[in-house]
Amino acid sequence: MTQVFYVASALAVVAAFLTVTRSNALHAVLYLVLALFALAIDFLALGAPFIAALEIIVYAGAIVVVILFVIMMVAGAAVSGEQERRWLPPRAWVVPSLLAGALAVLTIGSLAAGGGQAVAPTTIGPREVGAVLFTTYLIGVELASVLLLAGLVGAYYLGARD
Amino acid sequence: MPTILIDGNPYEVAEGRNVLQAALDHKLDLPYFCWHPAMGSVGACRLCAVKHYRDENDEHGRLAMGCMTPATEGTRVAIDEPEAAQFRRSVIEWLMINHPHDCPVCDEGGECHLQDMTVMTGHAHRRYRGRKRTYRNQYLGPLIHHEMNRCIQCYRCVRFYVDHSGGHDLGVFASRDRVYFGRVEEGALESPFSGNLVEVCPTGVFTDKTYRRHYARKWDLQSAPSICGHCGLGCNTLVGARYGSVRRVANRYNSEVNGYWLCDRGRFGYEHVNADDRLLKPQTPRRDGDELSVSAGRVWDEAIAAIRVTAATGKLAAVGSPRASLESNFALLTLVGAERFCTGIAEPERRLVGRFAHAARAGAFHVPTLQEIEGCDVILVLGADLTHEAPLLDLALFRAHAAAGAAIHLVGLRAGRVGEFAASFESGDPGSIATRGRAVAAGLRADGGEDPVAAVLAAAHCPLVITGTQHRDAEVLEASLAIVEALRARNGTHPWFAMSVSEANTLGVELLDDRRGMSLASVIDAIEVGDISVLVVAENDLFERCEDHRRLADALQRLDALVVLDHMVTATSSLATHAFPAATIPESSGTLVNSEGRIQRFCQVLRPAEDVVPSWSATRDIIAAIGRAEDADWQHLEDVTAAIEASHPAFDGATKLAPALGFQLEHQPISRVGHRYSGRNATIRPDAPDEPDALTEVGGLGPDGALPVAPRTPGWNSNEAINRFRIEVDGPLRGDNPGLRIFATNGNGAHPAPSPLDPGRSPAAATPSALDTPRSTAAATPSGDDDTVLVCAAAEIFGSESMSRRGPALAELAPDTYLRLHPKRAERLGVVEGRAYRLRLIGETFETSLEAVVKVDDELPDNVAVIPAGYAETRWWQQPTWMRLESVEVEP
Amino acid sequence: MSAHAELLTRMAVTLVVLLVAAPMLVWVERRLLARFQLRLGPNRVGPFGILQTVADALKLLTKEDWVPPFADPVPYVVAPMILGITVLGAFAVVPFTASGAIVDLDVGLLFFLAMSSVGVYSVMLAGVASNSKYAMLGAVRAAAQMISYELAMGLSLASIVLIAGSFNLHDIVVAQQGLPYVVIQPFAFVVFVIAGLAELKRAPFDLPEAENEIVAGFHTEYSSMKFALFFLGEYLGMILIGAIATTVFLGGGNGPFLPAPVWFAIKVGLFIYLFIWARATLPRFRYDHLMAFGWKVLLPVALLNLMVTGALVVARTAGS
Amino acid sequence: MKVRTHYPPWAAVTGLLRAMWIIFKYQFRRPVTIQYPEQRAPVAPRNRGRIVLTRDPDGEERCVGCYLCAVVCPVDCIALQATEDEHGRRYPEWFQINFSRCIYCGFCEEACPTYAIQLTPDYEMGEHQRSHLIYHKDDLLIDGPGKRHQYNFYRHAGVEIGGKDKGEAIAEEPAVDIRDLLP
């Protein structure tokens, strides 16, 4: 499982990089999906199939589909690609690269310092996740659900026909 | 202008009209049969019955014939009145009782005035159950088919044939309800206007026999306005085509030229377009007989290579043609330059035409239209046989005689049909014609004198002198001009003068050649001395323009290349190194100038076969292929016409004769074909000429005949529909375009400033030649040798014209090649009337042989022999020539 | 037999059965539809026309594999593959046999949902990459429809998960030994079947390929094998939805006398029959009705059902 | 008839189920399909199918080439050229019907004044090449009179043809002797 983890991780990193650099929005989104899949496999390798499935259902299956939906509705790939290139001159990459680099240094540093284990010894099923969510992290879950409720009400309000 | 009441509505009508004319002027539907705009009213058919009321208070009225009721101020009539309508319906029902059940096999079906009137009166159900009257038909020659059963006794045919055009051999026979219209005996109709019976007859009694062989309904015909190319008068025609062949020619009304009529040569001469012996593929006739061995592309490449090389060395020349359009001639002129261009008119004739054109341009006289000629009161015809040269001029003379009582005096070799109604006829050879003309001129100058003709002319209100070119005799023309000049000097008015020319564009080509290019003789000379090595000939047979055929043939053989563009296989095209097919008049568009100097446009009717293109377009391609594309940057005919206009002021306005390219009426181009319920792409679709034109296959019909492609309006499918396209009966068409006159006129013919003739002008060619020296007929008097006669040619209406004689119907009517002699001369020569001889004719400069039937004619001068002009056997003849005759009898 | 060999054998057998069954289904559908419409259907090629599908497949395989020049080539080619992979992948967790599925995944139901939600990509990519207005319209419709109905489907399944207490499909089957869940959860069953039909994009929910409006929807530009993959995907999808419904609501292979796979097949067949029957009967929805039905009827019903089920489950566990 | 405009809320479901039930029952009815090459649908004798050109009772061509069928044809699928024999009898020199365009409307049959063109119940006109759907006179002309057994146009028409002189047609007087002055 360790090899799977590393391959998937590498794939995730490459896909994430390509997601950022593609000028064709459609291709960028596809790489994002690929990155999400790779992450899902990582979760699976780390013994969290529930999270993996949720990752795919929620992120790949719902959120990115909505993004793709918007891309489809907005403009042709060729035109938007040209626009994208104009919006992203080399200097626009400087600050994000610095921030990402800092993050990478921190992560690698902490990993190097703490060692840690790549693959979990046990599988954590949905039952365990549920148990943790509704006990330890109950406040967080409730807060998130309140936030979602607010979003839902807002969406209804905006979508209501007078 | 009187105002009359029709159905309670006031209408303004012109003075002197009758109620029927008034109704038609205002586009009201009043049925009629026997009335004809040109032949007037007789009140015979009883169909135009209207209710006529005495005044406003009259409530009952009485039935009256519209055509017999003058439309005076306050006349009150009703068309839409039950009793009148019932009466008209009954008239049709009576007529239909004996009308056969024939429409499906009747050529008139679909353009039948009787059908129209039957529908218009509402007679839809035949109650009669009895037996129908029948008649036997007569054979009326190869042109007209007779189907007497269909007759409705309107008498239009005899009224036209006898009263209107002076024919004798069609009459009405028998008694009571057995009235029969026909000849006493079967046989070809003699009148050269018999074809008009087809259009005059309101039903299918007289139909076009040539059309029968390849019949198509009027609604299927693809038609376009065209110009007759078979004589110099330029009559307007409506050519109908279907499935890629010309099917018929019909009259196209032109208020100033031919009116409602066409002669039989014009109407039936179209068959040459469909002939089998046409030139349809590029060929190399001189090289070998196997035409298919050389591809069209290779013929073209070789011809271009030859022309390109020669054009560089300056040894290129071109011969145009008086039977080709101005555009085709102009393209040739552009190819070789004005100095190396020859009009292709034989020199003697060219001289005459040049003299006439110059004098007319200078305004020495007024050249009247055919319609104007009908109003003349004294007409002198000098040395012209109008019946056979320009038949419709003959009809105009008859109209002048019959309607206005004009006195017609003839001086000529042959009287023709005009002799039948002429006041006097004096026969003579060309020399004596000229002498007679001079005498008349002298008589006029001498205040009438004792010369009777001069006296009549002097007393005339509207005298007219007509001459022709058939004798190619300059003296005759000069004598005529002398008479004209004498008239002008005497009366102080502007004299009228007309000359018939032999071909459709003779005058146009002559005017185009305003810088006097080469004469035909100088072309031959130049070939012989090697100054011309490549010759381009368009639509011309040089053997018809040149006496010494042996010399001409030798010269043509000497050429490195002889490129011929023509639609017929001719003697010239058989000697060509490269022969290319050209389009005929119905297959192309172009501009012609008729003998009264009227520029007229003909429009393409059908697409010619593959490889066949108009001469101008082929010439343009040649110019482009030799690397001079900028000289001939023409896409369409319009561009060529515009170029002619730019370089020749004489033709100013020629581009406006036809609707411009892309012209549209109510957002549609004008269609060549009538509307169909469906789209027009049948199994075999109608031809769509490639040349973009104002006329198309998919457009609409112009409203109200701005260009009456095929006159037809709802309810009026026959040619009587023409009344719907005119402002008034017998007037010009709405949006009329009768052509543009080159010779300046002032309204009805009175010229602004008469100028004296210019006798000093010498139309000498650029390079004088031995052949150019005129042979005066007067100079070479008979040298006492009894065998020497002056050989003159007489035009024949059928047979003399090079294109029409190729059709089978007219070929059948053309007389056999003859030699007409005075009986004494025949006796001396030892020949007998009616027998065929091979004759040797030996002239001063050339000799030839002729196979002909000998005819004797005691009206001929003793020293004259007459042969038919323009026949294949006699086409060498150019002008009267003294020749010695030797005869050999041909075994029967 | 080693575990790996057994896995491979199961995969191979499943694959073969599915890849034979799907084309057969085409024939079955055409014959059945014909019967519903008083016709005969294909009956010329082979006995009862059974080889018609083979002929059609051969025709599709021999057609030119064509990528339109205006298309975005990579997504265009990938799109049909995604459909095939996701649908076939989802079969991995379906317990055909008594002993369970190919992969006895704890989150089997979630895996199915994940696969079906990823399947949307196939349609959307096909639509966008075709670069054609009909494909685009089809894809937009498909995406909106599938997202909307997936929610209801997930919620209807959630109530089953609540009762069964497991995402594992085998566990769910085992839990239905006594009573199939269709009896306990009729609302969830109806919602699932309807949402499943919508997921399949079949009549009356076939707006993404409504031929009289947008030609063939998202696969307008597809031909040959790529089209065949879409075609195959649709019929495999029918089997998949039928299989999941069988598993979740009809107790999978449970049944007397006959072996589990046969029972399973019979039950799947019933669902397929239902789908074809619906297609033969029902006219296509209007698009706004489709959306309104999804969001205003199916979703509330599924939510209510979930709430009631949750409450009952809590009450029962509290009671016991 | 009273038209219902208001339905109870369950009507959607009951209607749907009713429809499902009706369609379900259809499965057990006999299919209406006719197994075409083996079985054939009964065709009415006046069914409008392949067009033929018929002959009159004397065995001569009925078509006189009047062009009425061609002009009435709404799709312009008929093309012909009329000609006549040496005795004045009209007939089509060639006659084409483009059956790839024909819509079998029967207007040509209605327009035909001689009953020459008739539509037959034959509908089996498949061809592998479009050009084969252009039928020529040889293909169109049949040896019988079709639906009209007795009609012979030239027995009614006044024109003279070989074998029928003036006055010999139905309801015709003998030809007038124009040299006879007797009343």
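1. L138(A) is partly exposed, at a relative accessible area of 34%. Here buried means under 20% relative accessible area, exposed over 50%, and partly exposed in between (1.4 Å probe, protein chains only). L138(A) lies in helix α7 of chain A, residues 138–159. Helices (H or I, at least four residues) and strands (E, at least two) are DSSP runs, numbered from the N terminus.

2. On provenance: this is a predicted model, in which local features need pLDDT of at least 70 and side-chain atom pairs count only at pLDDT 80 or more, while totals for chains, interfaces and linings use all residues. Residues are numbered from 1 along each chain as its sequence is written, chains are lettered from A and ligands numbered from 1 in the order in which they are written, and side-chain values use heavy atoms, leaving out hydrogens and water.

3. L138(A) also belongs to a nonpolar surface patch, with V132(A), L133(A), F134(A) and Y137(A). Patch members have over 30% relative accessible area and no salt bridge; like charges are joined within 9 Å, nonpolar side chains (Val, Leu, Ile, Met, Phe, Trp, Tyr) within 5 Å. Areas come from the Shrake-Rupley method with a 1.4 Å probe; for residues, only the protein chains shown count as cover.

4. Chains D and B share 4 salt bridges, each a side-chain nitrogen of Lys or Arg within 4 Å of a carboxyl oxygen of Asp or Glu. R212(B) and E84(D) form a salt bridge at 2.8 Å, N to O.

5. The interface of chains C and A has 0 salt bridges by the rule. It buries about 2000 Å², with 83% on carbon and sulfur atoms. Contacts link 21 residues of chain C to 21 of chain A.

6. Two pairs do not touch. Chains B and C have closest C-alpha atoms 28 Å apart. For chains A and D the nearest C-alpha distance is 23 Å.

7. Chain D carries an open antiparallel sheet of 3 strands, ordered β2-β3-β5. Its edges are β2 (78–84) and β5 (134–135), each pairing on one side only. Pairing requires at least two DSSP bridges between two strands. β2(D) and β3(D) (residues 90–98) are joined by 7 bridges. A82(D) has P92(D) in β3(D) as its bridge partner.

Note on methods. Contact means heavy atoms within 4.5 Å. Buried area is the accessible area (1.4 Å probe) that two parts lose on being put together, summed over both.
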